[in-house]
Amino acid sequence: MLSRDWRAGELHVLTLALVIAVGGMTTVGFFSDRVQLALSQESNQLLGADLLIISDHPLSAHYVDEATRVGLKISSVTKFHSMISNGDDNMLADIKAVTAGYPLRGKLHLAINMAQILSPEKTQVADSIPERGVVWVDEKLMIRLGLKQGDMVDIGATQLTVAALIMREPDYSVGFMAVHPRVLINAADLPATGLIQQGSRIKYHLMLAGEVDAIEKYREWVLPQLLHGQQLEGIRDARPEIKSALERAEKFLSLAALASVVLAAAAIALAVRRFTQRHLDGCAVMRSMGARQSTLLSLYLYYFIAMGIMASILGCLFGFGAQEFLTYWLSGLVEAGLPWPSWLPAIHGMLVGMVLLLGFALPPLLNLRSVPALRVLRRDIGLPNAQSLSAYALGTIVLSLLFLWKANDVRLGFYIISGFIAAVMIFGLFGFFLVKLLSGMRHQTGGAWRYGLASIQRRSISSLVQTIALGLGIMALLVLSLIRDDLVREWQGSLPPDVPNQFLVNIQADQLLLLEDFFNQYNIEQPPVFPMVRGRLIQINDKVISAETFSNPHAEQLVRREFNMSWANDLPHDNKIVAGEWWENEDTDKAVISIEEGVAKTLGIRLGDQLHYDVAGSTLTATVTSMRKVDWDTFQVNFFVVTPPRLLENYPVSYITSFHMQPSQNHIMHELVRTFPNFLVIDVAIVIEQVQAMIAQVSKAIEFVFLFTLLAGFAVLYAAIVSTQDERIYEAAIFRTLGAKKKQLTRAWAAEFAILGGLAGIFAAAGASILGFVIGHYALNLDYTFNPWIWLTGFLTGVIGVTIAGLIGTRSTLSTPPLLTLRKVS
Amino acid sequence: MVQNIKQPILRVNSIRKQVNTGEIQLTILQNINLVVNAGEAVAIVGASGSGKSTLLGLLAGLDIPTEGKVYLDGVDIFSLDEDDRAVLRGKVLGFVFQSFQLLPALTAIENVMLPLELLGIRNAEATSKQLLMRVGLEKRLKHYPKQLSGGEQQRVAIARAFATDPKLLLADEPTGNLDSVTGTQIIELMFELNREHGTTLVLVTHDEAISKRCSRQIRLASGQIVQAPEQAFLERAQGAAN
C-alpha cells in the first residue's frame, strides 16, 4: 500500500515536510555540536589546556596514569614565587617549571630582544619549552633587572641563561591576580634550584588535553578522586565572561533548533491534514466492505511508521550533508578546525522525526478510521471530528515534551512551549473572528478580492489552520531574528574595539597626579581610577569562618584570599541592584556593604548579614544592604564588595585603573613600567582578542543556523499551499471552463494568499513581540529592545512571502487541462 | 432572434484522440468529422465509454486532440493558446455538466455572476438575479451549493450557462445525477431557455428519449461516428434510387 500510494504521489508532501524538518533539525544539531566543541576548544587556549587540575601538594602518579590510559596529552606545571637575581639586583617572580608539551592549547609567543617586544609582529611562536639550563623571562623582569639575551640569573641554588622574552602565554589568565614578573624554566632544572622544600608555597598544575569524550571521561573519573586542596578547572570554571558568552550562544543555537521543530510540526500537521482528506474515500469504501476500525488504524499506522523511518533517515543524511557544507564555509573562521560531530544529533533527529510525525499524524489518523461508510453514497459527508483543532492536542503535548528535552534549560523550554501554546490559542480565537468578519465584507468588494475572501470563508477551518501554522512560522523567524540582533549587538557592545585591555593595580595615592601627567604626556585620555582596599573575610554574623568551613572549592578560594573592596557614592553604571537598596548620599558614613550576587550565593551571604573583614590587622564590620549583579563580560573594573566612601577612608588604600592600549603603543607600556616600578600591570589583551574572535564566530554561526530555520519556514509555507492544492486544481478547472484567463485566476488566488499571509504576519508580529521579550529578558538575560518595525516586517513578510510562494506553488495547477480535472471529480 | 442558418457554429475536422496509459496507447476517438450549424440542436449519443464526453471536451477546447482541428465560431481553437481559448469559451460557450460543477465557495448568485465578471460585464448582479428568477430560484440567491438539492444545483448551473448569452450551449449528461422527475423538469427548462436565447445546443446523453428532442443525433461507438440504423437505411435507399 505504501508503494502504491507513493506512486500515486500521495506521500510526497508529507515526506518532504518530514525530510526538511528532520534535516533542518539535525543540521542545527550537528552544527551546534561541532561549533560548541570548536568554541570550547578555542576558549580552552586561555587555559593552555582542556582541563586543569590544580593542587597544593604534588599530584599522585595515578592522575597521570589514568590520563595516559584514556589517551590524553599531559603537561605539568609547577608554580611558585622566588627571588631572581642578576648580580645585586633581585626581584620576586612567579616561576613556572614546565614539562614537554606545554602549552597543550594555544601558543606561547617569544621575542629575542627588547626591540622585538616593541613590534609584536616580529615575535615568534615557541615550538618547544625552554631547554635545560635556560630561562625565559617577561618584559617586566628584563627591565627591572636590566637583562639581555645571554645574561645569567640566579634562581635558588642554580644559575640559568636568559634565552628569550615571554611575550604572551596562553594560560596567562589562570590566577588572574598573579602579578609578579613571570619566568619559565624547564622542569628538569627544578631540583637544582633547591626551592622545592617542605613548607614551600607551591602550586602543582596538571594540564590535560585531548578528545572531547576522553576529557569528559577523565573529568568524571577525577572529580571524586580530588583531595582537599585540589581543584579542577575547565574554561567554564575559569572565566566568567567566556562562560556567559558561551552559554548564551548555546542557548540561542538550541533555540534555533527548537524553532525549526515548531516549524516542522506545523508543516507536518498541514501535510497530514491533506493526507487524511485524500484518504477519506478509500476509507469509506473499505468500511462499507466491512473493514473494522482496528484494521484501518493498523494499516495506516504501519504505513506511517515505515514512511517516518525512511523520511527521517533521509533527513539525517540531508542534515549531515548540509552541516558538512557549513563546516567548510566556516573553516576559515575557526582556527582549530571543527572537530568531528557526535552521532547524537542523528539519533535525536530520528527520534524527533518519528515522535513529531506520530504526534501530529496519529490524531487525524484515529479520525480516519471512523469515516462513516455512508460516504460511499454521499460524498459530502466528511469526518465527524477531523476538522477540530483539538485533534492537535496530542501533537502539542508531544511537542512540549520534546521542547523540555531539547531545550536543556527547563525555563527556556517552558517559556517557548507556553508561548507557542498561548499563541496558537490566541491566533485561533482571533483568526476565527477575523475570518468571519472578513467574509462578511466580501459582498462589499469586487472581482479578485471577492473570490479570495470567498475561498477563505469556504475553507474557513482550513484557512484558520493555515493562518495559525504560517503565523507560528513567521513568529518563530521574527523571534529568532529579534533575539539574534540583540544578542550580537549586546556582545559587540560589551566588547567595543576600545575595551580596556590593560589593568594597573597598586597605584599609590601620591602617584595619582603623576600618572595623570604620564597619560597627558602621551595624549591618552584619563581613565577612571578606583580606590581599592584589601581585606579577608573572617566572620559572617556570629560564625567565624575559614577556608575549611566551605566544601565548595570556589568558596574556599574566596575565603583564603583577600577581597578587593572599593568605595563609591553612586552605583557603577554597569551594575544592577538585584536585592536591597544602594545607599543615599547622607548615608555615606554608615557601616553598610553592597556585595556581588554570585559571591554572596557562593558564600551563603544574605541581605542583612553582618560581615567582618580583617583589613590590615583591624576588623571592619558592616551590614549587607544590597546585592549587585555585575556584568563580567565587559572587562571593566568591578568589585565584589563596595562600601560608602567614608567607611574605608582610614584603611591602607591603593588604586586601580583600566584602559585600552593598541599593540602599536607597546612602548608606552614599556615606559610606564619603567616610570612606576611598583605598578602591577595586567595585560588582558589576549583574553579580549580571544573573546572577540569567538563572538565573531558565534555571530556568523548564528546567522547560518538562522538560515536553516528560514528553510524550515519555507517548508511550512509549501505545506500550507500544497494542502489546498486539490481544491485549487478543481477551482482552476471551473474558472478556466467558464472563460477565465490565467491572470484573472492568479489575481483571485493572490488576493486569497495576501489575506492569509497578512493575517499570519500580524499574528506573528504580535506573538514575536511578547515571546521575544520573555525569552530575551528571562532566559538569555538580554536587554531586550522593542522593535516597532517588527509589525511592518511581519505583515509584509506574510503578505509578500505567502503570495509569492502561493502563486509559485499553484502555477502548475493552471496548466492542467480542465477536462481532466472535471472528469476526475465527477 | 434572427440567425444565418447556413453559418456553421462548429466544425470538426478529422479529430483523433489517443491517451497513453503507460504500456498501451488507447485510441478514444478517431476520424471524427462534424458540422453543427447555428440554431441546431444536436444530440451525441452512444454507450458508456464510447467517447461522448471526450468529444464534448474537445469541442470546447477543454482538452487537446492528438490530431485534427475544431473551428468554433469560425476560429481554429487549437491554434490559440490556453488563455485565448479560455476567453473564446467565455464569450461563445455555455456549459451544463452532469455533476453541476458549481464552485462550493460561492453562493448561487455568485456562481451565476462568475462568467459575467470574468468577461468584465458591469451589471452582473442584476442579470444573474433575473436568470435565477427565471429558473425558479429567486429565494435561493444567497444559498451555497451544499445547501441546495441536486435539481436546484443544476438550475443554478443552467442559469450560469445562459448568463453570458452564449452562441453554443454544451451539455454533458445534464440529467445523469438526477431522478427522472427532476431530470425531465431540467430538460424542459434547458430547452425552453435554449429557445428563448436562440442558442445552438450540443447535448451528450445516453437517454434516447432526450436525444429524440434534438433535431439531429450523432451516434458514437468505439470512438467513431456511426450512422443510426434508420439513417443508414435512408442513405442506402437514396443511393439505390440514384
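Visitor: How are α13(A) and α22(A) oriented to each other?
Guide: This is a predicted model, in which local features need pLDDT of at least 70, side-chain atom pairs count only at pLDDT 80 or more, and totals for chains, interfaces and linings use all residues. Residues are numbered from 1 along each chain as its sequence is written, while chains are lettered from A and ligands numbered from 1 in the order in which they are written. Helix α13 (residues 410-440) and helix α22 (residues 742-779) of chain A pack at an angle of about 155°, with axes 10 Å apart. The two helices are therefore roughly antiparallel. Angles run from 0 to 180 degrees between N-to-C directions, and axes are lines fitted to C-alpha atoms, for helices over the stretch in contact; under 35 degrees counts as roughly parallel, over 145 as roughly antiparallel, 65 to 115 as roughly perpendicular and the rest as oblique. Helices (H or I, at least four residues) and strands (E, at least two) are DSSP runs, numbered from the N terminus.

Visitor: Which residues make the contact?
Guide: On α13(A) they include A:Gly419, A:Ala423 and A:Phe427, and on α22(A) they include A:Phe763, A:Gly767 and A:Leu771. Residues are in contact if their C-beta atoms, placed from the backbone, lie within 7 Å.

Visitor: Now the sheet in chain B: what is its strand order?
Guide: The order is β6-β7-β8-β3-β9-β10, an open sheet of six strands with mixed pairing. Two strands pair if DSSP finds at least two bridges between them.

Visitor: Which strands stand at the edges?
Guide: They are β6 (93-96) and β10 (224-226) of chain B; each has a single partner strand, so one side of each lacks a neighbour in the sheet.

Visitor: How does β6(B) run relative to β7?
Guide: The two strands run parallel, joined by four bridges. B:Gly94 stands opposite B:Leu169 in β7(B). Helix α5 (residues 150-163) of chain B packs on the sheet and touches β6 and β7, its direction making about 175° with that of β6(B).

Visitor: How many residues does each chain give to the contact between A and B?
Guide: Chain A gives 23 residues and chain B gives 27. On the side of chain A, the elements giving two or more residues are α14 (447-458), α21 (725-737), α22 and α24 (818-825).

Visitor: And what are the confidence scores?
Guide: The model scores ipTM 0.81 and pTM 0.63. Chain B averages a pLDDT of 86, where pLDDT is the predictor's confidence in each residue, from 0 to 100.

How values were computed: Contact = placed C-beta atoms within 7 Å.
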